[in-house]
Structure formats: C-alpha cells, structure tokens
Amino acid sequence: MTDGAVTLVGAGPGDAGLLTLRGLRALQEAEVIVADRLGARAVLAQLAAEGHELAAEVIDVGKLPGHHPVTQDAIDELLVTHARAGRRVVRLKGGDPFVFGRGREEQLFCEAAGIRVEVVSGVTSAVAVPALAGIPLTQRGVAETFTVVSAHDQIQTLPGGRDHTVVLLMGVNTLGHSAHVLASGGRGADCPVAIIEDGFGDGQRVTVGTLATIVALAAARQVRSPAVVVIGDVVALSPFAVPEPAA
Ligand SMILES: C[S@@+](CC[C@H](N)C(=O)[O-])C[C@H]1O[C@@H](n2cnc3c(N)ncnc32)[C@H](O)[C@@H]1O
C-alpha cells in the first residue's frame, strides 16, 4: 500500500445540499479531485459560490451521454497515478457511485494496484429526482416495491404491474422502446409515467403522461437527458399529474 488513497464520493444529483457531510470532509481534505460532469461539477461550483474553499486540483473528466472525452481506462489510470504519488484523491461522481456509476470497477482497479479505497455513498438521482416532482417510489396501498433500471438493459423481464414502480435512468433515447415493452406487459397503456429532466438544474422540468402518450409528449416538449423516468401508479400522486376529466 502507498500513502496516497482514493475516496469515491457520491456528489448527489446536483445540489450541494444533498452532498453528505462525510463527502464534504473528503473534498476538503483532498489534494486532487477527479470530477464527473453530471452532478459533481454543479456541486463543486455551488460549494465555491458558498465560500467553501477547496485546495485540491480539480481534474474534469466529465462525460456527456455518448461522448467520453476521457476514457474509463484513462480515468482509472489517473486515480492510480495520483494516489501512487502519495496524494489524497477524491473521485467525485454524480448521485451514488454504486448506482450505474462504475464505482465498483474503479474501486477494484485501484485496489488491484495496491491503493486504499474508501467509498462515501451519495444520494442517488433515482430517488431524489422523482421526489422533486412529489413522487415517492413506494407508498402504502399504491406501490410496495420499485426497480431501478438502466434503459440500456433489457426491461422485458421486469415483473409486476403498475404497483411495482419502475425508475429508468439514461432512458430518454430509448423511451419509445421502453414504453412499448412496458405497456404490453402487466402495466397497460394507461399506466402513468413522469419524466423529470435536469433535476436541481436550471432546466428542471416535469412531463407527465401515460405509457401510451409519453413518447409523443416527450417529442413535443423536446425532452432531453439527463432525465429520470418513473413508471407506475405512484406518478398519479404527483401535483404535476393532472387528473383525467370526468366523462
Ligand atoms: C450514468 S447514470 C449515473 C447515476 C448516478 N450514479 C446516480 O446514482 O444518480 C446517469 C443518469 O442518471 C440520471 N440523472 C443523474 N442526475 C440527474 C439529474 N440531476 N436530473 C435528472 N436525471 C439525472 C439520468 O438518468 C442520467 O442519464
């Protein structure tokens, strides 16, 4: 082991208020911060604006969807190189590092190189972004369970009906396919759907429809990533959900 170490810190979904105290302490003690774009950069900017002085060098490895200026291999090498040089490195990742964040891969890579790794959990967008629209993922009598899925994955095998909430991350580009598959299963075409774009950001916006209508609504409103898609009866609890007019 070397003196340097890596701390994987979850920055939360983009508001410094949702960074943990332990995460803030790690940032304050860091000499190098290797930061993602989504969530992480916004949190660093907010901390600076609020007068939290961070001494660390910040290295931006920000990933845009489908566009990776710094490859995952290069990020892994960067972490090891700085830690081997004896520096305290924070790898600042959006949301929680272990939820579709490749955090475990980075941890294993560093540990294989003899670097100590600590993980500081973050608030995942899968839960916090729906909450912005007043959507709980479970609610007694409405939904007893939820599944978080990346839309890159197969959703064909998802069990349950509309009382089993589905949260799609990275789901905007494949929304048509997901809506079609889920509508033809136990949920039905009139199952409520919400899309929450750019949670905690300037472009925060909520679009509510059903599995039958959401694709056309998203196209009309030019919905963009990043966004969290929530599918299930819990969506009807949102103040953004307009009740159907009485027949
Ligand atoms: C690669 S995943 C990383 C998830 C992250 N580890 C987490 O726990 O939130 C990126 C996806 O998370 C979602 N996401 C993250 N932050 C978001 C935000 N502030 N607003 C809306 N969606 C967000 C989007 O679905 C985005 O495509």
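Start with A227: one of its backbone N or O atoms lies 2.7 Å from an oxygen atom of the ligand. That's a polar contact, a pair of N or O atoms within 3.5 Å. Before going on, note that this is a predicted model, where local features need pLDDT of at least 70 and side-chain atom pairs count only at pLDDT 80 or more, while totals for chains, interfaces and linings use all residues. Residues are numbered from 1 along each chain as its sequence is written, and side-chain values use heavy atoms, leaving out hydrogens and water.

| Residue and atom | Ligand atom | Distance |
|---|---|---|
| A227, backbone N or O | oxygen | 2.7 Å |
| T124, polar side-chain atom | oxygen | 2.7 Å |
| V99, polar backbone atom | nitrogen | 2.7 Å |

Taken alone, the ligand exposes 570 Å², and the protein buries 88% of that (Shrake-Rupley areas, 1.4 Å probe). Its shell has 18 residues, each with a heavy atom within 4 Å of the ligand. They split into 11 nonpolar, five polar and two charged, with Gly counted as polar. Both α5 (125–132) and β10 give the shell at least two residues.

Now for the core. The largest nonpolar core has 20 residues; such a core joins buried nonpolar residues (under 20% relative accessible area) through side-chain atoms within 4.5 Å. Four of its residues come from α6, the largest share. L168 is among those with the most contacts inside this core, and L168 touches residues including A227, V229 and I231 (heavy atoms within 4.5 Å).

Definitions and conventions. Buried means under 20% relative accessible area, exposed over 50%, partly exposed in between (1.4 Å probe, protein chains only). A polar contact is a pair of N or O atoms within 3.5 Å; within protein, one must be able to donate a hydrogen and the other to accept it, and residues adjacent in sequence count only if both atoms are side-chain atoms. Lists of a residue's contacts leave out its neighbours within four places in sequence.
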